[in-house]
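Work through the exercises below with the sequence and the model open. Try each task before reading its solution.

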Amino acid sequence: MVGVSLGGDVGKLCRVGLVDDHPLFAVGIRQLLESADDMVWEGSSPTVEALLADHPGVQVAVLDLRLADGTTPHDNVVRLRESGVRVM
């Protein structure tokens, strides 16, 4: 199995989560990631704080830039990065 490289950890699976407040988009991303051999779907949450609380194993987050909670993209990226999560 070919793995996504996360800082030299070749062969390990990449654990991906989604921060988005649109359920239909989450379904599509989930289906896409579940079909990948080198990624594991951790789950989705409508806010960054919820993702970090509910899915502590996330290594990479796909981040919606406009969330209903009023947070800014900059603050969300900073919060995720401070928690060790890479952001897409």
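The model is predicted, so local features need pLDDT of at least 70 and side-chain atom pairs count only at pLDDT 80 or more, while totals for chains, interfaces and linings use all residues. Residues are numbered from 1 along each chain as its sequence is written, and side-chain values use heavy atoms, with hydrogens and water left out.

**Exercise 1. The fold**

Task: Work out the order of the strands in the sheet, and the sense of their pairing.

Solution. 
Step 1. Count the elements: the protein has three helices and four strands. Both are DSSP runs, numbered from the N terminus: helices are H or I with at least four residues, strands are E with at least two.
Step 2. Read along the sequence. The pattern is β-α-β-α-β-α-β.
Step 3. Pair the strands; two strands pair if DSSP finds at least two bridges between them. The four strands form an open sheet in the order E2-E1-E3-E4, with parallel pairing.
Step 4. Find the edges. They are E2 and E4 (86-87), each of which pairs on one side only.

**Exercise 2. Two strand pairs and a crossover**

Task: Find how many bridges join E1 to E2, and state the handedness of the unit that E1, H1 and E2 make.

Solution. 
Step 1. Take E1 (residues 14-19) and E2 (residues 39-45). Six bridges join these parallel strands. In one of them, Cys 14 has Met 39 in E2 as its partner.
Step 2. E1, H1 and E2 make a right-handed β-α-β unit. Right-handed means that, with the strands pointing away from the viewer, the path from the first strand over the helix to the second runs clockwise.
Step 3. Turn to E3 and E4. They pair in the parallel sense over two bridges. Ala 61 has Val 87 in E4 as its bridge partner.

**Exercise 3. Asp 20 and Thr 47**

Task: Locate both residues, and identify the backbone nitrogen that each side chain reaches.

Solution. 
Step 1. Asp 20 sits in the loop between E1 and H1.
Step 2. Asp 20 is buried and has no salt bridge; Arg 66, the nearest side chain of opposite charge, is 11 Å away. Buried means under 20% relative accessible area, exposed over 50%, partly exposed in between (1.4 Å probe, protein chains only). For charge, Lys and Arg count as positive, Asp and Glu as negative; His and the chain ends are not counted. A salt bridge needs a side-chain nitrogen of Lys or Arg within 4 Å of a carboxyl oxygen of Asp or Glu.
Step 3. The Asp 20 side chain reaches the backbone nitrogen of His 22 at 2.7 Å.
Step 4. Beyond four places in sequence, Asp 20 touches Phe 25, Ser 45, Pro 46, Asp 64 and Leu 67. Contact means heavy atoms within 4.5 Å.
Step 5. Thr 47 lies in the loop between E2 and H2. Its side chain reaches the backbone nitrogen of Ala 50 at 3.0 Å. Leaving aside neighbours within four places, Thr 47 is in contact with Val 19 and Asp 69.

**Exercise 4. Salt bridges**

Solution. 
Step 1. Arg 15 and Glu 42 meet at 2.5 Å, N to O. This pair links distant parts of the chain, Arg 15 in E1 and Glu 42 in E2, 27 residues apart. Arg 15 is partly exposed, at 33% relative accessible area.
Step 2. Arg 30 bonds with Glu 34 in a salt bridge, the closest N and O atoms being 2.8 Å apart. Both lie in H1, four residues apart, about one turn of the helix. Arg 30 is partly exposed at 41%, and Glu 34 is partly exposed at 46%.
Step 3. Arg 79 forms a salt bridge with Glu 49, with closest N and O atoms 2.7 Å apart. Arg 79 lies in H3 (residues 73-82) and Glu 49 in H2 (residues 48-54), so the pair ties together parts that are 30 residues apart in sequence.

**Exercise 5. Leu 63 and the whole chain**

Task: Is Leu 63 buried or exposed? Which residues does Leu 63 touch?

Solution. 
Step 1. Leu 63 lies in E3 (residues 60-63).
Step 2. Its relative accessibility is 9%, so Leu 63 counts as buried.
Step 3. Not counting residues up to four places away in sequence, Leu 63 touches Val 19, Val 48, Pro 73, Asn 76, Val 77, Leu 80, Val 87 and Met 88.
Step 4. Take one of these, Val 48. Leu 63 and Val 48 are 15 residues apart in sequence and 8.4 Å apart in space, C-alpha to C-alpha.
Step 5. Widen the view. Buried residues make up 35% of the 88 residues.

Methods:
Polar contact = N/O pair within 3.5 Å; in protein donor to acceptor, adjacent residues only side chain to side chain.
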